[in-house]
Each structure stands twice: as structure tokens, then as C-alpha cells.
Amino acid sequence: MEERLPNLLVSPEDFPPYLLLPGDPARAIEIARHLEKSEAIAKNREFHSYRGYYKELEMGAPGAARCDGTSAQLLPNGYPALADLDVPVALGKHYVKQ
């Protein structure tokens, strides 16, 4: 039997190999808006999880807060809560233009 994450109602195997863990359910929706071929994987209450493509790289965005246990269910214990430096720099450049 496949184990599903209780808050997301989705199995870790349903996610693509690359994830953005936004730390806020509302940010997952915003991430999905910027992905090509974006689709919802699952919706449970306010927790909406998405997958799509960014520059031909398949990635996902589980809509869960960091404190609700999702990180521990998807990542090894001790995994740093940091983005690759290119991610926040690119986001900052994008929003400065707007």
C-alpha cells in the first residue's frame, strides 16, 4: 500500500524529482502560475499541490507549511532550508522589473 502524506493526500512518489517547498500553501498556487503545463496533483482543504515544467525541467510545489511536517516527510532530516542562490536572485530580478 502506497503511503500518502496525510495533510496533502498525495504520495511522495506522485511528485516530480525536483520540488520547491514554498513554506506557505498560497505560494504553491503562485509557483504553479509560473510553470508550463501546470496541473494540480492533489487538493485537500487549503493544501493544493502542483507539478509543471520550468525550462523543460519537471518540478513540483506541495502547498504545505514547513511546520506541518511535510518537509520531514519529503526530505532527509537536517536538509537545509535554503534555496540555491540563483533562485532568490532570479525571483528578485523578476519582481524588480514589475
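This is a predicted model: local features need pLDDT of at least 70, side-chain atom pairs count only at pLDDT 80 or more; totals for chains, interfaces and linings use all residues.
Q: What counts as a helix or a strand here?
A: Both are DSSP runs, numbered from the N terminus. A helix needs at least four residues. A strand needs at least two.

Q: What share of the residues in the chain is buried?
A: Buried means under 20% relative accessible area. The chain has 98 residues. Of these, the buried share is 31%.

Q: What part of the accessible surface belongs to carbon and sulfur atoms?
A: The accessible surface of the chain comes to about 6900 Å². The part that belongs to carbon and sulfur atoms is 55%.

Q: Among contacts between residues at least 6 apart in sequence, what share joins residues at least 24 apart?
A: A contact means heavy atoms within 4.5 Å. Take the contacts in the chain between residues at least 6 apart in sequence. The share joining residues at least 24 apart is 50%.

Q: Is Ala 42 buried or exposed?
A: Ala 42 has its place in strand S2. Its relative accessibility is 13%. The cut-off for buried is under 20%, so Ala 42 counts as buried.

Q: Which residues does Ala 42 touch, not counting residues up to four places away in sequence?
A: Ala 42 is one of the residues of the largest nonpolar core. Leu 8, Val 10 and Phe 47 of that core are among the residues it touches.

Q: How far apart in space are Ala 42 and Asp 14, C-alpha to C-alpha?
A: In sequence, Ala 42 and Asp 14 are 28 residues apart. In space, C-alpha to C-alpha, the value is 9.4 Å.

Q: Which residues does Asn 44 touch, not counting residues up to four places away in sequence?
A: Asn 44 also has its place in strand S2. Asn 44 is buried, with a relative accessible area of 12%. The residues it touches are Pro 6, Asn 7, Leu 8 and Leu 9.

Q: What is the phi of Leu 9?
A: Most residues other than glycine have a negative phi. Leu 9 lies in the segment before strand S1 (18-19). It is partly exposed, with a relative accessible area of 35%. Its phi is positive, near 55°.

Q: Where does Arg 45 lie?
A: Arg 45 is not a glycine, yet it has a positive phi of about 50°. At 60% relative accessibility, Arg 45 counts as exposed. Its place is the loop between strand S2 (36-44) and strand S3 (47-54).

Q: With which residue does Arg 45 form a salt bridge?
A: The structure holds 3 salt bridges. In the one of Arg 45, the closest N and O atoms are 3.9 Å apart.

Q: Why are Arg 33 and Glu 30 separated by about one helical turn?
A: Arg 33 and Glu 30 form a salt bridge, with the closest N and O atoms 2.9 Å apart. Arg 33 is exposed at 61%, while Glu 30 is partly exposed at 30%. Both sit in helix H1 (residues 25-33), and the separation is about one helical turn because they are 3 residues apart.

Q: Which strands hold Arg 51 and Glu 39?
A: Arg 51 and Glu 39 form a salt bridge, with the closest N and O atoms 3.0 Å apart. The pair links distant parts of the chain, 12 residues apart. Arg 51 is in strand S3, and Glu 39 is in strand S2.

Q: Which residue lies over the face of Tyr 53?
A: The distance from the ring centre is 5.8 Å. The cut-off for a charge over a ring is within 6 Å of the centre. The residue is Lys 37.

Terms used: Residues are numbered from 1 along each chain as its sequence is written. Side-chain values use heavy atoms; hydrogens and water are left out. A charge sits over a ring if NZ of Lys or CZ of Arg is within 6 Å of the ring centre and within 35 degrees of the ring normal. Buried means under 20% relative accessible area, exposed over 50%, partly exposed in between (1.4 Å probe, protein chains only). Accessible areas come from the Shrake-Rupley method with a 1.4 Å probe; for residues, only the protein chains shown count as cover. A nonpolar core is a set of buried Ala, Val, Leu, Ile, Met, Phe, Trp, Tyr and Cys residues joined through side-chain atoms within 4.5 Å. A salt bridge is a side-chain nitrogen of Lys or Arg within 4 Å of a carboxyl oxygen of Asp or Glu.
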